[in-house]
Amino acid sequence: MDIGYLLFNTIIYGCCALVLSGFFSYGNILNFSLGSTMMMSGYLLFFLIKNGFTALNLVMLVVLLISFFGINYLLFHCFESDKKREHAGLIITLGVSLFLENLTNYVYGSTAVSLPTGKIPLWMLIWGFFVLLGLLFFFHKKTFQGTLFQAISENGNLIRALGIKRAKVVQLFFAFFFVLIVLMSWVLLYHSSMRMQDGLFYMIKGMGIMILVGLARKEYLFLGALLYVLAEYLLFVNIGLPIAYKESLILIVIVLVLLIKPQGLFSLRKRSL
Amino acid sequence: MQFLFHILISWMIFALLASGFRFFIKLKGNLDFSYIAVVLFSSYVSALVNLNWGLGFLASFGLALLFAMPFTLLVLALSERLNAFYFSIGTMTLYMLVYQLAYNLDGITGGAFGLSGIKRILIWGWELTSLEAYLLLMLVVSVLLFGLLWLFKKSLLYKTLLSWGERELVLQSFGTPVRKYKFIIILITTLLAALAGTCYTFYYLYIDPSSFRFSMLILALTIVFLSYKRNELGVLLVAILLLAVYEYLRFFKLVEASKIGYFREMIFALLIIIVAFISFKRLNFWREQ
């Protein structure tokens with residue numbers, strides 16, 4: 001069993017789930033464009049390293065920033081109602097995902113990209129992520145801003161009634177998510193190869209782990225990711241199921257969890273969805 | 001002239017597709033993405049029965065509807081367990097699962113290469129060899145379907161379904177058989193999806209999973225959002241407009257031929273973003289206006 005491979009996948013899937021969970025907790029937005037944003041930033045990094053800061057690369061960078069920050073800002077400002085923002089966010093981020101995928105294919109082509117491996121040892125990357133996550137959880141649990149974010153995720157309407165501009169507060173957290181997405185794409189670029197169409201699968205895996213664990217239980221996301229990676233390893237490496245069904249596994253898990261225990265495996269109490 | 005027939009036939013197929021989608025959204029107030037999964041599934045079933053048993057349009061539609069019944073039950077189960085947004089996530093997952101399995105089960109579906117060699121048989125071996133004949137068939141199907149939908153909207157059952165809105169608990173407390181009405185809505189949606197899938201298969205005579213990518217969902221959603229406040233005629237008008245744009249972009253000379261597909265999808269992605277922003281701000285999907 002390759003522990004490094006398992007930990008690497010756990011971190012990537014866990015981070016995807018963390019970003020999605022954060023977007024959903026703080027903004028009631030299921031960000032369908034997570035995968036495309038990740039892949040596009042990877043392609044952009046690759047071509048920035050290869051060609052430098054050309055006009056085309058700068059334009060693509062601006063489009064990426066607008067599609068991430070601009071869309072989320074507009075979703076917050078245009079839709080006061082959480083219910084409307086949920087549905088609108090799903091469709092709009094789906095549109096953004098398609099737009100970014102096709103734009104990247106149009107500009108950079110659809111061939112896979114990767115950078116030479118071995119520049120940064122895998123163990124350093126893994127430990128770096130653990131440190132980053134430790135800092136994140138410290139911020140979330142021990143600082144005033146972190147407490148404010150928790151309060152927003154639990155009762156956004158009350159926070160709004162207290163006069164705190166929720167939209168401004170969560171934009172800070174979304175900025176952090178953006179940095180995390182860029183970091184993940186950089187890691188994937190160095191240790192794997194990237195294709196635009198893989199973005200959707202990373203997003204689905206993140207969504208699946210988020211639903212598997214439960215929307216309110218961010219601290220168990222990485223445990224959920226580890227369980228999923230182990231299940232994947234068991235089924236596709238040990239038992240030998242065809243690798244083509246790898247993407248179908250998480251989709252089956254999502255449908256089963258939604259039918260049997262929609263509040264998630266680690267949820268504290270029964271929550272109607 | 002052939003291209004004009006192609007536009008007209010495609011128009012009716014996509015109007016049919018959007019009608020079913022719209023039907024569910026209007027009555028239930030939720031986005032049911034599994035609708036496209038049923039269209040995909042029905043298309044493959046129609047293709048397989050045609051290729052393996054030589055069955056025609058009507059028999060293929062019947063069998064596609066029969067095999068799509070489990071979807072009805074699954075969507076009903078999801079609607080029992082989940083509300084609104086989570087139901088949308090569940091049905092979106094179902095759609096992606098069916099799409100992924102269409103690629104993976106290559107022994108049955110042909111995988112990425114799809115299924116070809118479908119014959120445009122109408123009934124009892126009578127083959128529709130020309131586009132004009134298929135156009136006539138689509139006209140008959142569309143007139144029948146839109147006519148039936150229009151009549152259905154006048155019925156007491158439709159008015160009962162419409163009164164439902166979000167007030168499920170209130171209706172349950174009055175003893176209304178809510179589950180029965182849910183089943184009726186989902187069944188009618190499945191019927192419309194199966195019909196759209198069969199029409200698609202028998203027109204294009206080739207299907208592969210990429211035909212049912214997100215671009216089809218986006219096109220259907222755009223038609224639904226733009227025609228939401230209108231009647232069936234509105235659906236037809238919006239569908240022809242969007243399809244004309246879709247086909248025009250195929251020949252857009254300012255873009256390289258090899259990249260025209262990406263360009264077209266980018267335009268429609270931008271369109272759905274704008275349309276969704278405006279629609280969700282102006283419309284209240286959770287109550288029929």
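I worked from a predicted model, in which local features need pLDDT of at least 70, side-chain atom pairs count only at pLDDT 80 or more, and totals for chains, interfaces and linings use all residues. Residues are numbered from 1 along each chain as its sequence is written, chains are lettered from A in the order in which they are written, and side-chain values use heavy atoms, with hydrogens and water left out.

Entry 1, the helix pair. I looked up helix 1 (residues 3-27) of chain A and found that it packs with helix 5 (residues 122-142) of chain A at an angle of about 25°, their axes 10 Å apart; helices here are DSSP runs of H or I with at least four residues, and strands are E runs of at least two. The axes are lines fitted to C-alpha atoms over the stretch in contact, with angles from 0 to 180 degrees between N-to-C directions. Helix 1 of chain A is therefore roughly parallel to helix 5 of chain A, a term for angles under 35 degrees.

I recorded 13 helices and four strands in chain B. The C-alpha trace of chain B spans about 55 × 45 × 35 Å along its principal axes. Buried residues (under 20% relative accessible area, 1.4 Å probe, protein chains only) make up 59% of the 289 residues in chain B. Among contacts in chain B between residues at least 6 apart in sequence, 77% join residues at least 24 apart.

Note on methods:
Angles under 35 degrees count as roughly parallel, over 145 as roughly antiparallel, 65 to 115 as roughly perpendicular and the rest as oblique. Buried means under 20% relative accessible area, exposed over 50%, partly exposed in between (1.4 Å probe, protein chains only). Contact means heavy atoms within 4.5 Å.
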